2 protein chains.
Amino acid sequence: MATSKKPNQGRYAYEGLDRVIHEKARLGILTSLLARVEGISFNDLKDLCSLTDGNLSGHVAILQEAGLVEVSKGTRGNRPLTVVRITTEGRAKFREYLDQLEQVIRDAMPEPAKQANDRKGWSPA
Amino acid sequence: MATSKKPNQGRYAYEGLDRVIHEKARLGILTSLLARVEGISFNDLKDLCSLTDGNLSGHVAILQEAGLVEVSKGTRGNRPLTVVRITTEGRAKFREYLDQLEQVIRDAMPEPAKQANDRKGWSPA
């Protein structure tokens, strides 16, 4: 049992896991947007993330409020087209978040794997 | 813009991100427990995860309800000692979750990095 006098205070608090980003659906939205600087239409995003209209609207509003994505409304042909894009700030914050996520994965590695990692570097399966 | 006929349905839905585990505080609790099969005392866990008594109790109850951790109450010297341990099931489910988390990180890698990964393997850092 970990009974040493004082363990590392907050060692596993993961303050960098921004709750706006960490929520599962928003994590999916940001991941899909990250590789597509040109943006994704609202309807494609719904499909990619398996979200309903209402759910996607809600999550996009939260991300927009936080400055992580921007939304533009236009038309394609005669039909309205809403496009969601990740902002420069969103990209930067999401990368910080991903760094923290990698830390979680490293922390969760069992000791032998960690030692192997120290010796020869680790690559995910 | 991603305008192909039909994008991968649910490609970024990440169904494997179990909400019981994904919540930030519980993610920290499970990560700290994973490397310590012998368990961690309630007080040490509070420190490690920067949680209050009430918060930790609540999250441990949720994890216990889901069968992911077990709690034993005993004494050390004359003082009561509560120890939290991850269960075998908890360990298995957390590893599944971590696999999904690694997928998120891979998905979020920019294309050039992905190609480099295909060629020579990728290591976080």
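This is a predicted model: local features need pLDDT of at least 70, side-chain atom pairs count only at pLDDT 80 or more; totals for chains, interfaces and linings use all residues.
Chain A contains six helices and three strands. Read from the N terminus, the order of its elements is α-α-β-α-α-β-β-α-α. Of its 125 residues, 28% count as buried. Among contacts in chain A between residues at least 6 apart in sequence, 53% join residues at least 24 apart.

Helix H4 of chain A covers residues 53–65. Its 13 residues should span 18 Å at 1.5 Å a residue, and the end C-alpha atoms are 18 Å apart, which agrees. The buried residues in H4(A) are A:Leu56, A:His59, A:Val60 and A:Leu63. Around the axis they cover an arc of only 100°, so they sit on the same side of H4(A). An α-helix has 3.6 residues a turn, and therefore residues three or four places apart point the same way. On the face of H4(A) turned away from the buried side are the exposed residues A:Gly54, A:Ala61 and A:Glu65. The buried residues of this helix pack against H2, helix H3 (42–49), E2 and E3 of chain A. After H4(A) comes A:Gly67, which has a positive phi, near 80°.

Two of those packing partners, E2(A) and E3(A), pair with each other in the antiparallel sense over eight bridges. Within this pairing, A:Gly74 stands opposite A:Leu81 in E3(A). The two strands E2(A) and E3(A) form a hairpin with two residues between them. In the turn, A:Gly77 has a positive phi of about 65°.

Helix H5 of chain A, residues 88–108, has 21 residues. From its first C-alpha to its last, H5(A) reaches 31 Å, close to the 30 Å expected at 1.5 Å a residue. Buried in this helix are A:Gly90, A:Lys93, A:Phe94, A:Leu98, A:Leu101 and A:Ala108. Seen down the axis of H5(A), the buried residues fall within an arc of 150°, so they line one face of the helix. The face turned away from that buried side carries the exposed residues A:Thr88, A:Ala92 and A:Arg95.

What covers the buried residues of H5(A)? Elements of both chains contribute. From chain A, the cover includes helix H1 (19–22), helix H2 (24–34), strand E2 (69–76) and strand E3 (79–86). From chain B, it includes helix H2 (24–34) and helix H5 (88–108).

Chain B has an open sheet of three strands in the order E1-E3-E2, with antiparallel pairing. Its edge strands are E1 (40–41) and E2 (69–76) of chain B, each of which pairs on one side only. Strands of a sheet pair through backbone hydrogen bonds, either parallel or antiparallel. E1(B) and E3(B) run antiparallel and are joined by two bridges. Here B:Ser41 stands opposite B:Val83 in E3(B). On the other pairing, E2(B) and strand E3 (residues 79–86) of chain B are antiparallel over eight bridges. B:Ser72 also stands opposite B:Val83 in E3(B). E2(B) and E3(B) form a hairpin with two residues between them, and B:Gly77 in the turn has a positive phi of about 65°. Helix H4 (residues 53–65) of chain B lies across E2 and E3 of chain B and runs at about 125° to E2(B).

The last topic is the core. In soluble globular proteins, nonpolar side chains tend to be buried together. The largest nonpolar core in this model has 52 residues. Which of its residues touch the most other members? They are A:Leu30, A:Cys49, B:Leu30 and B:Cys49. Not counting residues up to four places away in sequence, B:Leu30 touches B:Ile21, B:Leu68, B:Ile86, B:Gly90 and B:Phe94.

Terms used. Residues are numbered from 1 along each chain as its sequence is written. Chains are lettered from A and ligands numbered from 1 in the order in which they are written. Helices (H or I, at least four residues) and strands (E, at least two) are DSSP runs, numbered from the N terminus. The expected span of a helix is 1.5 Å times one less than its number of residues. A residue is buried if 20 or more other C-beta atoms lie within 10 Å of its own, exposed if 12 or fewer, and partly exposed in between; C-beta atoms are placed from the backbone. The arc is that of the directions from the helix axis to the C-beta atoms. Two residues are in contact if their C-beta atoms, placed from the backbone, lie within 7 Å. Two strands pair if DSSP finds at least two bridges between them. Axes are lines fitted to C-alpha atoms, for helices over the stretch in contact, and angles run from 0 to 180 degrees between N-to-C directions. A nonpolar core is a set of buried Ala, Val, Leu, Ile, Met, Phe, Trp, Tyr and Cys residues joined through C-beta atoms within 7 Å.
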